[in-house]
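Let us work through this model by question and answer.

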Amino acid sequence: MKAIIFDQFGAADVLKIGDVPEPVLRPHDLLVRTRAAGVNRADLTHRRGGYGRPDFGDSTIMGLEIAGDVIAVGEEVRGFAVGDRVMGIVGGGAYAEVSRIDYRMAMPIPASLDYVQAAAITEVFVTAHEALIHLGRLDAGETVLVHAGAGGVGGAAVQLAHALGATVFATAQASAHDLVHRLGADHAIDYEREDFAEVIARLTDGRGVDLILDFIGAPYFERNVNSLGFGGRLVQIGIMGGIENAKIPLDRLLYRHLQIIGTVMKSRTQDVKHGMSRRFKERWLSEFAEGRLAPVIDSTFPLSEAGAAQKRMEDGLNVGKIVLTT
């Protein structure tokens, strides 16, 4: 089969297409003819050498998110058959014509969605659901601040929070404010020209928000804590801005009874990942089927142009998901 390979770590141009063996079917696996694969920031880290030469459980090939057709079923699989259209998160191997997925991580593609849309759902929406609802315990009527609200996980989180009935604040570049409002944000904050902590204090009359979802890290940490209301929760799911000199106002943490929670899907056990996928599927899959939720697609590239797709993400040009087609 054709797959994306690279001989050395480096810039996007190290990626090339080549021939590799098809994956071997294991008892709990589906083999999937990959029709589309989502591009994620973890793929960039993989290419640069941040994970070494990893085996995330399904393949050493790059890529964590697939949509396609089942072509073979392991003997322990339940609920899936050859010919089914499926989508899901894989432990590597998405950048290939055939991939394998533990059937407990797979979910059926709603009939109303095509493969490109399906490949843009699971990584970001499962992560958003886990951070917002399972860990963050967001409830209807509460307030939430979502950083990077026009990004993949951020945009998904805005949609889910809005669907849940929360009041949503989102940071984004001014050029993306129309998008985050369409996704469901009640208030868009221009992080380049505004201090989000000052905006939150003003718009909440100093009360702060119930939940913050953050991808940035140290540069936002102190202001995040200061922007939480009594009993507020901060869920940290990224450190794109680094970890150096993170400051925590301990008095605020103590007297406001705040909680700080960190989570990274990649390092969780397989059983935990099964639960994450199951919770998302049970709560939200019907919302996609009925059109009340939808992924935001930035662009598509053929598999052979994976380097160009990753460079678009690396350069910060995408608004929504970049998807590879095979």
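This is a predicted model: local features need pLDDT of at least 70, side-chain atom pairs count only at pLDDT 80 or more; totals for chains, interfaces and linings use all residues.

**Helix contacts and buried sites**

Q: How is α3 oriented to α9: roughly parallel or roughly perpendicular?
A: The axes of α3 and helix α9 (residues 270-289) come within 9 Å and cross at roughly 105 degrees. Angles of 65 to 115 degrees count as roughly perpendicular. That makes α3, relative to α9, roughly perpendicular.

Q: Are α3 and α4 oblique or roughly parallel to each other?
A: The axes of helix α3 (residues 122-135) and helix α4 (residues 152-164) come within 8 Å. They cross at roughly 55 degrees. Roughly parallel requires an angle under 35 degrees, and roughly perpendicular 65 to 115. The two helices α3 and α4 are therefore oblique.

Q: Is the crossing of α3 and α4 left-handed or right-handed?
A: The contact draws on α3 residues including Val 124, Phe 125, Ala 128 and Leu 132. From α4 come, among them, Gly 152, Val 153, Ala 156 and Leu 160. The crossing of α3 and α4 is right-handed.

Q: Which residues does Ile 133 touch, not counting residues up to four places away in sequence?
A: Ile 133 sits in helix α3. This residue takes part in the contact with α4 and in the one with α9. Beyond four places in sequence, its contacts are Ala 128, Leu 138, Leu 164 and Trp 284.

Q: What distance separates the C-alpha atoms of Ile 133 and Ala 166?
A: Ile 133 belongs to helix α3. Along the chain, Ile 133 and Ala 166 are 33 residues apart.

Q: Which residue caps the N-terminal end of α6?
A: The cap uses a side-chain oxygen. That oxygen lies 2.9 Å from the backbone nitrogen of Ala 197. The capping residue is Asp 195.

Q: Is Asp 205 buried or exposed?
A: Asp 205 lies in the loop between α6 and β11. Its phi is near 55 degrees, a positive value in a residue other than glycine. The relative accessible area is 65%, and the cut-off for exposed is over 50%. Asp 205 therefore counts as exposed.

Q: How does Arg 137 count: buried, exposed or partly exposed?
A: Arg 137 has its place in the loop between α3 and β8. Its phi is near 55 degrees, again positive in a residue other than glycine. Relative accessibility is 40%, between the 20% and 50% cut-offs. Arg 137 therefore counts as partly exposed.

Q: Which side chain does a polar contact of 2.6 Å join to that of Asp 29?
A: Asp 29 is in strand β3 (residues 29-38). At 2% relative accessibility, Asp 29 counts as buried. Residues touching Asp 29 include Val 24, Ala 72, Arg 100 and Asp 102. The side chain joined by the polar contact is that of Arg 26.

Q: Is the crossing of α1 and α10 left-handed or right-handed?
A: The axes of helix α1 (residues 41-48) and helix α10 (residues 306-314) come within 10 Å and cross at roughly 110 degrees. The two are therefore roughly perpendicular. Arg 41, Asp 43, Leu 44, Arg 47 and Arg 48 in α1 meet Gln 310, Met 313 and Glu 314 in α10. The crossing of α1 and α10 is left-handed.

Definitions and conventions:
Residues are numbered from 1 along each chain as its sequence is written. Side-chain values use heavy atoms; hydrogens and water are left out. A polar contact is a pair of N or O atoms within 3.5 Å; within protein, one must be able to donate a hydrogen and the other to accept it, and residues adjacent in sequence count only if both atoms are side-chain atoms. Helices (H or I, at least four residues) and strands (E, at least two) are DSSP runs, numbered from the N terminus. Axes are lines fitted to C-alpha atoms, for helices over the stretch in contact, and angles run from 0 to 180 degrees between N-to-C directions. Angles under 35 degrees count as roughly parallel, over 145 as roughly antiparallel, 65 to 115 as roughly perpendicular and the rest as oblique. A crossing is left-handed if the near helix is turned anticlockwise from the far one by less than a right angle, and right-handed if clockwise. Contact means heavy atoms within 4.5 Å. Buried means under 20% relative accessible area, exposed over 50%, partly exposed in between (1.4 Å probe, protein chains only).
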